[in-house]
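Student: Hi, could you look at a structure with me? I'd like to talk through its charged pairs and then its overall fold.
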Amino acid sequence: MERILECLMLVCFGLSWPISVYKSYTSRSTKGKSVYFTVAILLGYLCGIAAKIIGGDISFVLILYGLNFAVVSVDFMLYFRNRRCER
């Protein structure tokens, strides 16, 4: 049951990030974005990934952590592209 609930949490969080990436890409603006918030989210996902690996709990949930980390990383990179575009 714990894996299912953790999976649902990751799916719920993960659904919002593609929207954020799309808005970042199309707006070409950093307005409303916090690079510190994004770094905190990335660190949280890294900790979740590390906990799964260290605990030997290699399951489908680890894939969701990886996917979310990848999408947030794209949003992180877009922040710097957009900051350059604003200059």
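Student: What does E6 form a salt bridge with?
Tutor: With K52; in this predicted model, the closest N and O atoms of that pair are 2.6 Å apart. The two sit in distant parts of the chain, with E6 in helix α1 (residues 2-27) and K52 in helix α2 (residues 35-54), 46 residues apart.

Student: Are E6 and K52 buried or exposed?
Tutor: Both are buried. For K52, the relative accessible area is 10%, and buried means under 20%, so K52 falls in that class.

Student: Which other residue forms a salt bridge with K52?
Tutor: D57 does, with the closest N and O atoms 2.9 Å apart. D57 counts as buried because its relative accessibility is 19%. Salt bridges with shared partners join R3, E6, K52 and D57 into one network.

Student: OK, and what does D75 pair with?
Tutor: D75 meets K33 in a salt bridge, at 2.9 Å from N to O. D75 belongs to helix α3 (residues 60-86), while K33 lies in the loop between α1 and α2, 42 residues apart from it. D75 counts as buried at 3% relative accessibility, whereas K33 counts as partly exposed at 27%.

Student: How many salt bridges does the structure hold?
Tutor: It holds 4.

Student: Switching topic, how many helices and strands are there?
Tutor: The protein chain has 3 helices and 0 strands. Its C-alpha atoms fill a box of roughly 45 × 20 × 15 Å along the principal axes.

Student: And what share of the residues is buried?
Tutor: Of the 87 residues in the protein chain, 34% are buried.

Key. Residues are numbered from 1 along each chain as its sequence is written. This is a predicted model: local features need pLDDT of at least 70, side-chain atom pairs count only at pLDDT 80 or more; totals for chains, interfaces and linings use all residues. Side-chain values use heavy atoms; hydrogens and water are left out. Helices (H or I, at least four residues) and strands (E, at least two) are DSSP runs, numbered from the N terminus. Buried means under 20% relative accessible area, exposed over 50%, partly exposed in between (1.4 Å probe, protein chains only). A salt bridge is a side-chain nitrogen of Lys or Arg within 4 Å of a carboxyl oxygen of Asp or Glu.
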